[in-house]
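Visitor: I would like to go through this one term by term. Please back each label with its value.

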Amino acid sequence: MRPLRYSINVTLDGCVHHEAGLPPDEESMRYWTAEMQRADALLFGRVTYGMMESAWRRPVSGAWPEWMDDWQLPFAEAIDGAKKYVVSSTLSKVDWNAELLQGDLRQAVERLKQEPGEGLFVGGVTLPLALANLGVIDEYVFVVQPVLAGHGPTLLAGLRERIQLDLVDRQDFRSGVTALRYRPGE
């Protein structure tokens with residue numbers, strides 16, 4: 001069974017807004033590229049799918065935008081080419097190597113986890129909360145930003161039950177960011 005990994009940037013005060021942390025640098029982009037490459041497919045809710053598509057989909061021209069630095073290209077290539085599943089009750093179709101996941105969320109995710117492969121990646125805020133409440137996330141990766149945001153959506157706000165986590169890996173970045181990898185405890 002392939003694991004479902006939830007990965008997200010989070011500030012010291014728990015904010016998970018995508019602009020609340022430090023701007024990406026070469027080291028963090030290498031980390032996120034490796035996370036994308038560890039996944040056979042990405043699982044997004046509607047909002048995260050739209051946000052990622054607008055930032056990381058290769059333009060029709062085939063050339064990446066001029067604002068993109070060379071060190072961002074491996075991440076752009078990884079996310080652009082990845083298989084994606086989108087959970088939405090309002091979208092009727094998706095593209096960008098994506099398909100809609102429909103029906104019972106638990107059953108759909110369990111079906112994806114049963115397929116062969118290295119793992120599934122989920123990002124965002126709302127969908128991961130639903131998945132955590134269902135108990136189907138196998139690994140949590142929090143990339144902790146040395147910032148106090150003071151506002152914004154917070155990590156897994158609304159979680160119904162406490163989840164005990166065991167630290168399995170830690171990576172410190174030169175910027176002061178720390179990536180913490182956890183698995184649910186017994």
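Visitor: What is the handedness of the crossing where H1 passes H3?

Guide: H1 passes H3 in a left-handed crossing. A crossing is left-handed if the near helix is turned anticlockwise from the far one by less than a right angle, and right-handed if clockwise. One caution first: this is a predicted model, where local features need pLDDT of at least 70 and side-chain atom pairs count only at pLDDT 80 or more, while totals for chains, interfaces and linings use all residues. Residues are numbered from 1 along each chain as its sequence is written, and side-chain values use heavy atoms, with hydrogens and water left out.

Visitor: Why are H1 and H3 called roughly parallel?

Guide: H1 and H3 pack at an angle of about 20°, with their axes 9 Å apart. Axes are lines fitted to C-alpha atoms, for helices over the stretch in contact, and angles run from 0 to 180 degrees between N-to-C directions. Angles under 35 degrees count as roughly parallel, over 145 as roughly antiparallel, 65 to 115 as roughly perpendicular and the rest as oblique. H1 and H3 are therefore roughly parallel.

Visitor: Which residues of H1 and H3 meet?

Guide: From H1 come Met29, Trp32, Thr33, Met36 and Gln37; from H3, Pro74, Phe75, Ala78 and Ile79. Contact means heavy atoms within 4.5 Å. By class, the H1 contact with H3 has 7 nonpolar, 2 polar and no charged residues. Ala, Val, Leu, Ile, Met, Phe, Trp, Tyr, Cys and Pro count as nonpolar, Asp, Glu, Lys and Arg as charged, and the others, Gly among them, as polar.

Visitor: What makes H4 and H5 roughly perpendicular?

Guide: The axes of H4 (residues 105-114) and H5 (residues 126-134) cross at roughly 85° and come within 11 Å. H4 and H5 therefore count as roughly perpendicular. Leu105, Arg106 and Val109 in H4 meet Leu127, Ala130, Leu131 and Leu134 in H5. That contact of H4 with H5 divides into 6 nonpolar, no polar and 1 charged.

Visitor: How do you know whether Thr48 is buried or exposed?

Guide: Buried means under 20% relative accessible area, exposed over 50%, partly exposed in between (1.4 Å probe, protein chains only). Thr48 has 12% relative accessibility, so Thr48 counts as buried. Not counting residues up to four places away in sequence, Thr48 touches Gly123, Gly124 and Val125.

Visitor: Why do the buried residues of H2 line one face of the helix?

Guide: The buried residues in H2 (residues 46-56) are Thr48, Tyr49, Met52, Glu53 and Trp56. Seen down the axis of H2, they fall within an arc of 130°, so they line one face. The arc is that of the directions from the helix axis to the C-beta atoms. Val47 and Ser54 are exposed, on the face of H2 turned away from its buried side.

Visitor: What makes Tyr140 count as buried?

Guide: Tyr140 has 2% relative accessibility, so Tyr140 counts as buried. Tyr140 sits in strand S6 (residues 139-145). Beyond neighbours within four places in sequence, its contacts include Tyr6, Leu156 and Pro184.

Visitor: What is the phi of Leu156?

Guide: Leu156 is not a glycine, yet its phi is positive, about 50°. Most residues other than glycine have a negative phi. Leu156 has a relative accessible area of 13%, so Leu156 is buried.

How values were computed: Helices (H or I, at least four residues) and strands (E, at least two) are DSSP runs, numbered from the N terminus.
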